[in-house]
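Dear colleague,

Please find the structure below, together with its sequence.

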Amino acid sequence: MTDKIKIAPSILSADFSRLSEEIRSIEKGNADMVHIDIMDGHFVPNLTIGPLVVDSINKVTDLVLDVHLMIEDPEKYIEAFIKAGADMISVHLEATDHLHRLIQMIKKNNILAGVALNPSTPIAMLEEVMDDLDFIVIMSVNPGFGGQKYIPQSTQKVRKLKKMINDLKLDIDIQVDGGVNDVNAKELIAGGADILVAGSFVFGADDRSGAIKLITGE
């Protein structure tokens, strides 16, 4: 789907006391999306934000809102996040027993639908729903906290997924989420990644534009 690598800074690493300024800084830095991690304290051990904050973010930016639901029973909350302004929604395969139904709930509202896979979940688990997906999220850290170290095996997982997508002649973006920096980004792009989520590497830098350029290699 993408014709160039896209960068989605994760606000999990942003300063929430001045969130609108933080988002404007990545806009000026030529980010493509805002990655918004939703955690419920059950599916993952951390607790973050809900639809009201997504709605507030939507009011201060024209960037694509990439909403990542790391929550149990995501089907109960899909409509709320769509109303809040989500442009893309990813759900975890591990969080639902009815993945196909959940994907259809997202797509019927003309929202891009994605599925996220934990580091230990094989990509083969997606075989039966591949035709319905717009993007797939490879978690390159265990979900729940920002600032974690990249799991090296994720690079090979991206390569395997890219081959599967090409073999099936499908148009699906590969997003990588967790521990992305200027070093591993080169391998991920070469391996077929389309969207890189970068939290601490971008928001931890004084020069947000410079950090994004380092990741993209521009």
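Contact here means heavy atoms within 4.5 Å, and buried means under 20% relative accessible area, exposed over 50% and partly exposed in between (1.4 Å probe, protein chains only). Helices (H or I, at least four residues) and strands (E, at least two) are DSSP runs, numbered from the N terminus. Please note that this is a predicted model, in which local features need pLDDT of at least 70 and side-chain atom pairs count only at pLDDT 80 or more, while totals for chains, interfaces and linings use all residues. Residues are numbered from 1 along each chain as its sequence is written, and side-chain values use heavy atoms, with hydrogens and water left out.

Five bridges join strand 4 (residues 88–92) to strand 5 in the parallel sense, and Met88 has Leu112 of strand 5 as its bridge partner.

Next comes helix 5 (residues 153–167). Its 15 residues should span 21 Å at 1.5 Å a residue, and its end C-alpha atoms are 22 Å apart, which agrees; the expected span is 1.5 Å times one less than the number of residues. Which residues of helix 5 are buried? They are Ser154, Thr155, Lys157, Val158, Leu161 and Ile165. Because they cover an arc of only 155° around the axis, they lie on the same side of helix 5; the arc is that of the directions from the helix axis to the C-beta atoms. Their cover includes strand 5 (112–117), strand 6 (135–139), strand 7 (173–177) and helix 6 (182–191). Exposed Gln153 and Lys163 are carried on the face turned away from the buried side of helix 5. After helix 5 comes Lys169, with a positive phi near 55°.

Finally, Thr96 is found in the loop between strand 4 and helix 4 (99–107). Thr96 is buried, at a relative accessible area of 11%. Leaving aside neighbours within four places in sequence, Thr96 is in contact with Pro74, Glu75 and Leu102. The side chains of Thr96 and Glu75 make a polar contact (3.0 Å), that is, a pair of N or O atoms within 3.5 Å, where within protein one must be able to donate a hydrogen and the other to accept it, and residues adjacent in sequence count only if both atoms are side-chain atoms.

Yours sincerely

Definitions and conventions
Pairing = 2+ DSSP bridges.
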